[in-house]
Amino acid sequence: MKTKEEVKLINQGLEDEMEVWGYRLCQWKMILVGVGVVCSGGLLLLLLYWLPEWRVKGTCTRTSLKDAHILLLRTTDEFRQWFRVKVCVILAPGRKPFDLDSLHKTQLQNGDMDHNVCFVHQEHHEKIYGHHVRIKHFTHHTTRYFWNEEMQNFELYQGLEDVKMSCALVHSEHSSGLSKTLQDYRRLFFGENEIAVRIPSLFKLLIKEVLNPFYIFQLFSVILWSAENYFYFASAIVFMSIISIATSLYTIRKQYVMLHNMVAAHSVVRVSVCRGNKDIEQAMSTELVPGDVISIPANGMVMPCDAILFQGNCVVNESMLTGESVPVTKTSLPSSGDDAARLYDMEEHKRHTLFCGTHVIQTRYYTGELVKAVVVRTGFSTEKGQLVRSILYPKPTDFKLYRDAYLFLLCLVGVAGIGFIYTIVLSIMSKVPAKTIIIESLDIITITVPPALPAAMTAGIVYAQRRLKRTGIFCISPQRINMCGQLNLVCFDKNGKYGAGKEEEGSMVAQLESCCLSEKFAGSNPGPGPGRPQRRFSPPELDAANESLVNTMFVACMATCHSLTRIEGELSGDPLDLKMFGATGWILEEPTEEETALHNLLMPTVVRPPKHSTPEANQNQQVQDKSCEIGIVRQFPFSSALQRMSVVVRRLGEKHMEAFLKGAPEVVASLCKPHKVPQSFTETLESYTRKGFRVIALAHRQLESKLSWHKVQNLSRDLIETNMDFLGLIIMQNKIKPETAGVLCELQQANIRTLMVTGDNMLTAISVARDCGMVRPHEKVIIADAVPPKDSYPASITWCYTDIPAQTVKDNQSAEIPMEEGAHHFAVSGRGFAVITEHFPHLLQKLTLRATVFARMAPDQKTQLVEILQGVDYIVGMCGDGANDCGALKRAHSGISLSELEASVASPFTSSTSNISCVPNLIREGRAALITSFCVFKFMALYSIIQYISVILLYWILSNLGDFQFLFIDLVIILIIAFTMSLNPAWKELVWRRPPSSLISGPLLFSVLTQILTCLAFQVLAFFLVQKQSWYETWTPQSDACNGSRPGFYRSLNVTTSPDHKNIRNYENTSLFYVSSFQYLMVAIVFSKGKPFRQPSYKNWPFMLSCVGLYSFLLFIMLYPVPAIDRFLEIVCVPHDWRVTLVIIVAANAVVSFLLEEANDRWGATFLSRLFCQRNKPPRVLYKQLALELQDAADWPPKPSSVTYASDPLLCISASL
């Protein structure tokens, strides 16, 4: 019971959550371990190095966390990794970084010290440090954790967010900066502001590499082979190992250097730090701590930390973080209103946060009032720091192949154990010397476990990575390539998938609301009310640059409500904003630094129509009273959560200011005065969204004349974005890229489910899903319209069936098509998804099984959806643009970012092509790499077993394979074949069936087992058949069994041959060497599968050339012996008739192997399922189990117009909609 109480969690609820135990060093345990290390020759020390939990438990005793000197950490994820860390102590005047007591009265000193030297005499301590306290801490993966006395646990201090401050509090209490003393104090906890990627020394890397279990096993093997006088083979293995280690060291160090250079390029810069009121001093960025206030220069900078922008605006390039090269406008944090009362959250307020590593291109500021930001995170706590840490300490890849590979190796170890016992018993019975017994029995283990297995299995992934790079797909996590081969569901972000490129965003139609235009375009029809006009839409306008529309509020909104800016003279920003602004034909001008300096007020961005488009005064009297030049005074950037953006503008010559709003139609309409919204708004919106158009609504409001420039800068957007006048709709035709439908069809034919996850309108998303083939014409779409509880009403889901488009119904058919099994799709909005997640968790898995469209989804909801899909055992891929999808791209088994950058840290894969054609390519290469891994693993396993059989049989006559025979088999045959059989390119198309994901599967194990038995049978046949030959005798140097073609030569050769103390030269050895050599090649060809996942082996010319060359060489030396080669390989002369017999045995072996493998491929799975009565066994994966359950569910899918309430999950009440 006590043990359970002592287990504490750190980072609880986070991705890197860990369990922690406290320990103290124990002297008697350390003495025992020391004795064990000496007695085991250092093997125990290696074991403790590999297993940190054994090291801690073997040398320490359990204690409370408070008294611990050593901590044992274990991750709570599926990997359960162990880590050992040491507790250190610092001396500080406060216990927490934001304690302010007595900070200005004490001279701070950094008391970092080791536990062994931190005990200072009490009087001396008080004399030097005053009232300092000792704070325990430890560092794990560059993150420091400090002891919290109240929690009785260690906690992580991330930064200023730990204070839980509101936005208003940032302005009031954190905008003046820190004193030098307070900065030094906080640095005790947060350390230097530096993402320090230390490049390990070559010696340290060498030791770490050499202590790998693989190389330790190699060392053990080399020592053993040297003891057996296999010097040539041992030397070759040492040489290969040195090359392997050198290559590995070069690659690892190169990666460290590249990462170090990438981080260090802009890691340390000079910054302007604000002290107190207006004191500004220059300092190094490494000195910054959370709470410091820095000034952003006008010409921009690379951010050395995460900081909250609370004064001024910035244009930032965040491509390093998101992979999206479009500049983003950052505005100051709200200081008043409801927005200011909210707690600051980095994700929610990312439009006001400057992230470390991003490039501030330019700033906008008042003269004398600099653009300022308060540091919120530093070092590895920043967004960039966390990304670098994820590269330095990646999580293990959770893939069944690798787990099964270890189980398979354990089986081989078990086989080796049998051979070990067999050798000992046989040697004792034959009265072999003890030294020989030990060496030969251990030799069996080195033969059974293939040392080149890891390198051979990695080769296929490396080749696949190179092929992907040639197609424009870059990978920062090669192990995930195999995962791509198992994908059975891919989520697409609609904007990244369907939207046209930047050069062709699509045509635009302006649907203008009537009453906001001059009467010559649309009048007001008298409505039913007394004197009130009926609001209606005017006819659509195709050209927003039409001279007649230049001075309308609608076009003014299009020209001003955006976040565009000029960078090096080029207009830059969101592609949608660029298209909208370009449609107006207006011109955007930004002030230069000189212009800004000449004015006391902020010089705004100005937009104006082209000169030739300005109407003459006599054309319209109203134009004379208004100027067409508009200055953008303040921007409220687009927010995914709010689904809107707005600007405050001022016309030249006007005293009052105006506000323009742009966003999702439903959101904009809700912010407008009800009587200003057209009565046909809902019908008009649906008519366009059902056709797949992207619809954006515009609104306008005239602000109070008393508002000054300064007041506007501090005004909350909630006060501005209300009581708006509805202006109209912008209809954008979101053209489907030509390759989209074909790619989705290819994925569906390959049994890969596709989902649309977008921020667009629900009906637009459904329409596009139909257009691109994700939803077939005859299939129903059911919208799960979930609403949260309100007043006394519980949360509910209304099941709305959408109509099948008229064009898909033939003239002689009724529109009502009976629903087939599975012929329905669910569509869920972001709001509905949140309600269902909270109030209908029992329906969540059912919905995700058939949900195809997820609309109006926030970035964090996309990540949550990926996790839910993974929870029902889908292998999930995510394809997005990298901007709003970072979380989902990282969370998915395989995330691919459509980015112009060569590599983006936002996802494991980055495609330089801006369409989804990269997805099938990635899956095809993943499948090919996965099958290659299986082929290589099976081949290496058979290679070990074949050699094991040969040695076991030869041990029966106290013989063995020779030094150069081992050398020829391992280097000439195995090495060449293992690395060339991985070169098969991917098959040209995706097929319905997927490759197996497990080595421990019936057909695969059956394939390996049948080949093992075949090889065993033919080796045993050759072994005993040679002993039955009439010419057979125990071979001696004087033996002459050759058919008399060249007896004299061989007699002289045999006489001059040196004595064979190890009994290598004999007829059994020669026969088994020939047969086994052909068997290695046979299983390589048999296992080297082509279609349907890889190209046929005959297209892999290096592999075919190797096989033909080796076959020819072996046939030649077997039928036409060359004395020099025979002497080198320690082969003896055998009659020609026996050589022909061996050819027949080899040919029969090949035929049987091919027939068995072909039969296994065709009927193996069916045969095994019948044999073990597993035909009706329920599926293992959860989503298939759910699908079977729902087939028999009479109440699923819910009936049209029914409502499900949260209070009674099973109750569906019919309601008329």
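Helices (H or I, at least four residues) and strands (E, at least two) are DSSP runs, numbered from the N terminus. By that rule the chain has 41 helices and 43 strands. This is a predicted model: local features need pLDDT of at least 70, side-chain atom pairs count only at pLDDT 80 or more, and totals for chains, interfaces and linings use all residues. Residues are numbered from 1 along each chain as its sequence is written, and side-chain values use heavy atoms, with hydrogens and water left out.

**Whole chain**

Of the 1217 residues, 53% are buried (under 20% relative accessible area; exposed is over 50%, partly exposed in between; 1.4 Å probe, protein chains only). Contact means heavy atoms within 4.5 Å. Among contacts with a separation of 6 or more, 75% link residues 24 or more positions apart.

Two strands pair if DSSP finds at least two bridges between them. Phenylalanine 138 stands opposite tyrosine 145 in β8.

Strand β14 (residues 306-311) is largely enclosed by the rest of the structure, because five of its six residues are buried. In β19, lysine 372 is the bridge partner of glutamine 311. In β17, leucine 354 is the bridge partner of alanine 307.

| Strand | Partner | Bridges |
|---|---|---|
| β7 (residues 133-140) | β8 (residues 143-148) | four bridges |
| β14 | β19 (residues 371-377) | five bridges |
| β14 | β17 (residues 353-354) | two bridges |

**Arginine 608**

Arginine 608 sits in strand β28 (residues 605-608). Arginine 608 has a relative accessible area of 22%, so it counts as partly exposed. Not counting residues up to four places away in sequence, it touches Trp586, Ile587, Glu589, Cys628 and Glu629. The side chains of arginine 608 and glutamate 589 make a polar contact (2.3 Å). A polar contact is a pair of N or O atoms within 3.5 Å; within protein, one must be able to donate a hydrogen and the other to accept it, and residues adjacent in sequence count only if both atoms are side-chain atoms. Glutamate 629 is 21 residues from arginine 608 along the chain, yet their C-alpha atoms are separated by 4.6 Å.
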